[in-house]
Amino acid sequence: MTQARLVVDLPEGPWIADVSRAHPDATFQVLAALPGDGPGFALVWITAPDVDSVLVDMDEHDAMTELSILQRTEHEATVQFETSVPLLLTAAKRSGVPIEMPVEIEDGEATIDVTGAHDRLSELGRQFQELGLAFQVVYIQERLQSSQLLTETQREAILTAVDEGYYDTPRTCSLTELADELGIAKSTASETLHRAEGVIVKEFVDDLPPQVDDDDDAVAEH
């Protein structure tokens, strides 16, 4: 599976593009979204110095067909809405790549995370281009399935260790007891766990989003 983070430059027309550019100090987080045959439905959390002004502009936008304010404070609001121009949802539906939530939008730019087969991610990029959505690739990384990371012996040792309480705090199973449960020598159990733990920790670190500077040459523009 391939993971990618993209920054999409939204064109004029969709409400989120127009309203976020009109309020560059506001942050919009799309918490959930559902594409329909025509309109799109979503839930968005807004933070802004003047959230009332943002809500007025949203309600008055031509692409906004329905809007319900679920919660509002001085600087925050949670809004459920229906829009007639759900470009990101349309591209995701056509390519078969779900966009991971939340999606953050600021000043007309949407930062999205996606995971899928490489060919589907390529199709997502093609759909963005067809819909007039310019985008930057912040990073792309391959992710192995968990079953590919550990040997069968390592998986058995880790799973048994968890079940027996070896990793509990306080520990309820000693290394000697774990080795007896696995039917192997204590030194073998220790070595097996050490190797498995090393693989798991390295994969966890590799799975973290890369730290990319704004001026990083690795950011590709499309």
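I began with Thr192. Leaving aside neighbours within four places in sequence, I found Thr192 in contact with Thr153, Gln154 and Ala157. I note that this is a predicted model. Thr192 sits in helix α7, which covers residues 186-207. Is Thr192 buried or exposed? I looked up its relative accessible area and got 11%. The cut-off for buried is under 20%, so Thr192 counts as buried.

Next I turned to the nonpolar cores. The largest one has 41 residues. Which of its members touch the most other members? My list reads Val8, Leu10, Phe28, Ile46, Met58, Ile112 and Phe128.

I did not count residues up to four places away in sequence. Ile46 then touches Thr27, Phe28, Val51, Val54, Leu55, Met58, His75, Glu76, Ala77 and Val79.

Then I searched for cavities. How many cavities of 30 Å³ or more are there? The count came to 1. I wrote down a volume of about 290 Å³ for the largest cavity. Its lining has 21 residues. Ile16, Val30, Pro86, Leu88 and Leu89 lie nearest its centre.

Where does the lining come from? I found that α1 (15-22), β2 (27-35), β3 (40-47), β5 (76-83), α3 (87-95) and β6 (99-106) each supply at least two residues. β6 gives the most, with 4 residues. I sorted the lining by class and got 19 nonpolar, 2 polar and no charged residues.

β6 and β7 (residues 109-116) pair in the antiparallel sense, over 5 bridges. Glu106 stands opposite Glu109 in β7. The hairpin of β6 and β7 has 2 residues between the strands. One of them, Asp107, takes a positive phi near 50°.

My last stop was Phe135, in strand β8 (residues 134-142). Its relative accessible area is 7%. That is under the 20% cut-off, so Phe135 is buried too. I also checked Phe135 against Ala110: they are 25 residues apart in sequence. In space, C-alpha to C-alpha, Phe135 and Ala110 are 9.1 Å apart.

Technical notes:
Residues are numbered from 1 along each chain as its sequence is written. This is a predicted model: local features need pLDDT of at least 70, side-chain atom pairs count only at pLDDT 80 or more; totals for chains, interfaces and linings use all residues. Side-chain values use heavy atoms; hydrogens and water are left out. A nonpolar core is a set of buried Ala, Val, Leu, Ile, Met, Phe, Trp, Tyr and Cys residues joined through side-chain atoms within 4.5 Å. Buried means under 20% relative accessible area, exposed over 50%, partly exposed in between (1.4 Å probe, protein chains only). Contact means heavy atoms within 4.5 Å. On a 1 Å grid over the protein atoms alone, a cavity is a set of points where a 1.4 Å probe fits but cannot get out, and a pocket is an open set with protein on both sides within 12 Å along at least five of seven lines; lining residues have an atom within 4 Å of a point. Grid points are joined across faces, edges and corners, and a volume is the space filled by probe spheres set on the points. Ala, Val, Leu, Ile, Met, Phe, Trp, Tyr, Cys and Pro count as nonpolar, Asp, Glu, Lys and Arg as charged, and the others, Gly among them, as polar. Two strands pair if DSSP finds at least two bridges between them.
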